[in-house]
Amino acid sequence: MSNDTNRRDFLGYTFAAVAAVGGAASLVGMKKVWDPLPSVLAGGFTKVDLSGIKAGEPSTIMWRGKPIFVLKKTAEMENSDRDLVIGNDRFTIAIGLCTHLGCIPAWKKSMWKCACHGGEFDASGKQVFGPPPRPLDLPPFSVSGNTLTLGEEGPEYKKIASAMKA
Ligand code: FES
């Protein structure tokens, strides 16, 4: 009787231990399946070195499949509450898709012009002509030194985003 009880207890503990290990292994496996792939995580953030950008010559950087315009303004270009100010430099950061129907405007003579229906945006990304209903949209970004990181909302982004809403 005592031997039977011990044997039953032993089997019970063994089964519980195997079930616990199996459950833990399943949870680890599920987490691995649900977590985004490293390539997806890396694709969410794009770093841009602003120190190499020439004033008056916008760069286009691809971020999450969208063109992002980064323009270092010249001294002649108007100040805007949308400017990203780093030291003595002012930058316009904008999603490079026309806010009318999504074409990609081209930089021509200090403004972005949309070939689809003639929309125009000034150097601050503000719509100044044609059918676009609003300025070029602002991508989320953060700034550290001269490095812009697209894909995360830093204090500079929040300040500009709230100025654009006002
Ligand atoms: S899509 Fe740009 S003006 Fe229509």
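Colleague: Let's start with one residue. Leaving out residues up to four places away in sequence, which residues does Ile86 touch?

Modeller: Ile86 touches Leu50, Phe91, Val143 and Asn146, once residues up to four places away in sequence are left out. Keep in mind that this is a predicted model. You can look at distance along the chain and distance in space side by side, too: Ile86 and Gly145 are 59 residues apart in sequence, yet their C-alpha atoms are 8.1 Å apart.

Colleague: And is Ile86 buried, exposed or partly exposed?

Modeller: Here you count C-beta atoms around the residue. A residue is buried if 20 or more others lie within 10 Å of its own, and exposed if there are 12 or fewer. Ile86 has 16 C-beta neighbours inside 10 Å, so it counts as partly exposed.

Colleague: Which strand does Ile86 lie in, and what does that strand pair with?

Modeller: Ile86 lies in β4. The general idea goes like this: strands of a sheet pair through backbone hydrogen bonds, either parallel or antiparallel. In this model, β4 and β5, which covers residues 89-95, pair in the antiparallel sense over three bridges. If you want a spot to look at, Leu84 stands opposite Phe91 in β5.

Colleague: How many residues sit between β4 and β5?

Modeller: Two, and the two strands form a hairpin. In the turn you'll find Gly87, with a positive phi of about 60°.

Colleague: Which residues other than glycine have a positive phi?

Modeller: Arg64 is one of them, with phi near 50°. Find it in the loop between β2 and β3. Ser110 has a positive phi too, about 65°, although it is not a glycine. Ser110 sits in the loop between β6 (106-108) and β7 (111-113).

Colleague: Why does Arg64 count as partly exposed, and why does Ser110?

Modeller: Use the counting again. Arg64 is partly exposed because 13 other C-beta atoms lie within 10 Å. Ser110 is partly exposed because it has 14 C-beta neighbours inside 10 Å.

Colleague: How many bridges link β3 and β5?

Modeller: Five, again in the antiparallel sense.

Colleague: What about the three-stranded sheet: what is its order?

Modeller: That open sheet runs β1-β11-β10, also with antiparallel pairing. Its edge strands are β1 (46-49) and β10 (141-144), each pairing on one side only. The twist averages 25° from one strand to the next. β1 and β11 are joined by four bridges, and Thr46 stands opposite Leu150 in β11.

Colleague: Which residues touch the most other members of the largest nonpolar core?

Modeller: First the general idea: in soluble globular proteins, nonpolar side chains tend to be buried together. Here the largest nonpolar core has 19 residues, and Ile68, Val70, Ile93 and Leu150 touch the most other members. At least two core residues come from each of β3 (66-72), β5, β11 (147-150) and α3 (155-165). The largest share, four residues, comes from β3.

Colleague: Beyond its neighbours within four places in sequence, what is Leu150 in contact with?

Modeller: Leu150 is in contact with Phe45, Thr46, Val48, Trp63, Ile68, Pro139 and Phe141.

Colleague: Now zoom out. How many helices and strands does the protein chain have?

Modeller: Three helices and 11 strands. From the N terminus, the elements run α-α-β-β-β-β-β-β-β-β-β-β-β-α. Of the chain's 166 residues, 22% count as buried. And among contacts between residues at least 6 apart in sequence, 41% join residues at least 24 apart.

How values were computed
Residues are numbered from 1 along each chain as its sequence is written. This is a predicted model: local features need pLDDT of at least 70, side-chain atom pairs count only at pLDDT 80 or more; totals for chains, interfaces and linings use all residues. Two strands pair if DSSP finds at least two bridges between them. Two residues are in contact if their C-beta atoms, placed from the backbone, lie within 7 Å. A nonpolar core is a set of buried Ala, Val, Leu, Ile, Met, Phe, Trp, Tyr and Cys residues joined through C-beta atoms within 7 Å. Axes are lines fitted to C-alpha atoms, for helices over the stretch in contact, and angles run from 0 to 180 degrees between N-to-C directions.
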